[in-house]
Amino acid sequence: MAIMYALKSSDNEIFEVEQKVIEQSETIKKMIEDGAATGEIPLQVSSKTLAKVLEWCKQRQHKTVENENDDNKGKRKKERDEDDDIKEWENKFSDELKADKDVLFDLLLASNYLDLPALLSFLCQLVADMVAGKMPEEIRRMFNIENDFTPEEEKAITAEHGWAFQP
Amino acid sequence: MGILSCFKTLISLCDGEAATPAAVKSWSNLPENITSLIMDHLYYPDQIRFRAVCKSWRSDNVFAIKSADTLPWVFAYRKYNNDPKKEDVYCIYSSSFFLYDPSGKRRYTIELPKVLVNARILYSKYGWILLSKSSIDFRRLAFFLYCPFTGKIIELPTLEKGNPFDERLLMSASPNSSTTECIIFSVRSRIRKNILCISICRPGDKTWTSHEFLCSFGKIHGVACWKGLLCCMFSEQLFVFNPETKTMKTYPHSINLPAVTVEEVTANRLIESESDEKLLMIYFDRDCHCIRVFYLDSSQMNWFELENLADKLLFVGYTDSISVPARGKASELANTVNLKSGESFFSYFPRGPRLLHSSNAQMNYSWIQQPWWGWNNIQELNTVWIQPPSSR
């Protein structure tokens, strides 16, 4: 029987999760090791965000378990198929986040605070892909960011690396 | 740690999300470690634009952040091959130049600072170009370090003019480096006088310090800084100078190398591979029509051939030979030696065939050859490899 833990979101929803899945979070892993995780583990992460975090963790866990159970026969083909499956899953995951930037933002913070390096790196790559090739004004519009530079500051910034702002 | 205090830590760690009302939940309030991580995934020009979005994204420790660029860029300027007075291909006569970004597949047009028009390119590394130009005293040369990405210019002391074809310049590190001292070396082989002259200066110096050695080995085939030493390649031997002790040593080549024709000299054949601290030598073998790569065994100071570059790729030119680890985009070109001639780019496997022009890997550079509208056919380009400043 797998050891289960109960995670409580900031809006008091309970998530029953296998230890192996949730141990990907260095923060929670440390709590479990310290013996501090008895009963419900209260997390100041909303249920919507926590569900997404767990979706990611389960997918990652699934992947590592399958690799351990593989025998060598037909492994190559299986790995290739699996890689395709993971790619497909990741693309779907990315597309959802691109469409809802609030969730993406919350997930970035949650992965940072729960110390999930793989998820954090994945999300940072996603944001990097979203801003690549875009001008500052386009990026501001995309993320609803206010331009807080004075006109003088902005002029100095664009003068410094003028070429990078060529349309 | 008690249960309660541990929960408190976790709660305070998560506070960023919980305590933030919708108004503060703004992308401009991303923690700095996250914006830095995003920057790590961006190519150099995207990093510049990203930092221009808002104040909090303009992180101060930008010099600690590497860009995702692994492939060197191409610095290009127009060649005036119709004007006999302007026949030196290493001189930039035009008032502007181009930077080609192989990752973003974009060309940027940049104005050349007036002081550098008619200057001659001597060396390119770490995102900087080393140039020389006649000084006000026409018997002397003025030297400049120029970073085309930032527009920064560092003036270096002047040096007596020599024969530009018997002279090589190089630098040991970026002037921005906080770990390695930036030393600029000038190596002159005065064949008739039987003198090898090495001059040294550092950014900020008022004069060069020169060391003369009564020996001559002919034409210089390549130069590199390797483990803090200045290495010069000649047809018969390797010359090694230690800038700290100001002493030199020569090592005759342990292998027979074929004679080199004049045009083959126009490549810097020594390359320092920073990832594994190896000194590499490139050879064009006319008998097998292939490129051969050797490495120096530092215990015996002997050359041995490398059949496979594995996790590296090399970029070879007269003023600009570099070794790049095969990560990121560069992994498509792993184990290749990359050469250019004007606007043409070629990739070879060591001892092997040339990579097909239409291959995906070749497309990193071959797109540059596409005819750009508005160009006169007579005007061709001279090109120099250049690493973006934050790629290392």
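1. At what angle do the axes of helix α6 of chain A and helix α2 of chain B cross? In this predicted model, whose local features need pLDDT of at least 70, whose side-chain atom pairs count only at pLDDT 80 or more, and whose totals for chains, interfaces and linings use all residues, side-chain values use heavy atoms, with hydrogens and water left out. Residues are numbered from 1 along each chain as its sequence is written, while chains are lettered from A and ligands numbered from 1 in the order in which they are written.

2. The axes of α6(A) (residues 117–131) and α2(B) (residues 32–40) cross at roughly 65° and come within 8 Å; axes are lines fitted to C-alpha atoms, for helices over the stretch in contact, with angles running from 0 to 180 degrees between N-to-C directions. Helices (H or I, at least four residues) and strands (E, at least two) are DSSP runs, numbered from the N terminus. The crossing of α6(A) with α2(B) is right-handed, a crossing being right-handed if the near helix is turned clockwise from the far one by less than a right angle, and left-handed if anticlockwise.

3. From α6(A), Leu120(A), Cys124(A), Val127(A) and Ala128(A) meet Ile34(B), Leu37(B) and Ile38(B) of α2(B), contact meaning heavy atoms within 4.5 Å. By class, this contact has 7 nonpolar, no polar and no charged residues, where Ala, Val, Leu, Ile, Met, Phe, Trp, Tyr, Cys and Pro count as nonpolar, Asp, Glu, Lys and Arg as charged, and the others, Gly among them, as polar.

4. Turning to the whole interface, 50 residues of chain A are in contact with 44 residues of chain B. The area buried between chain A and chain B is about 4500 Å², 69% of it from carbon and sulfur atoms; buried area is the accessible area (1.4 Å probe) that two parts lose on being put together, summed over both. Gln44(A), Phe105(A) and Trp163(A) supply 18% of the area that chain A buries against chain B, more than any other three residues.

5. There are 2 salt bridges between chain A and chain B, a salt bridge being a side-chain nitrogen of Lys or Arg within 4 Å of a carboxyl oxygen of Asp or Glu. Lys55(B) forms a salt bridge with Glu153(A), with the closest N and O atoms 3.7 Å apart. On the side of chain A that touches chain B, α5(A) gives the most, with 8 residues, and by class that side has 28 nonpolar, 13 polar and 9 charged residues.

6. Within chain A, α5(A) and α6(A) pack at an angle of about 145°, their axes lying 9 Å apart, and their crossing is left-handed. Their contact has 10 nonpolar, 2 polar and 1 charged residues by class.

7. Arg140(A) and Glu137(A) also form a salt bridge, at 2.8 Å from N to O; because these two residues are 3 residues apart in helix α7 of chain A, about one helical turn separates them.
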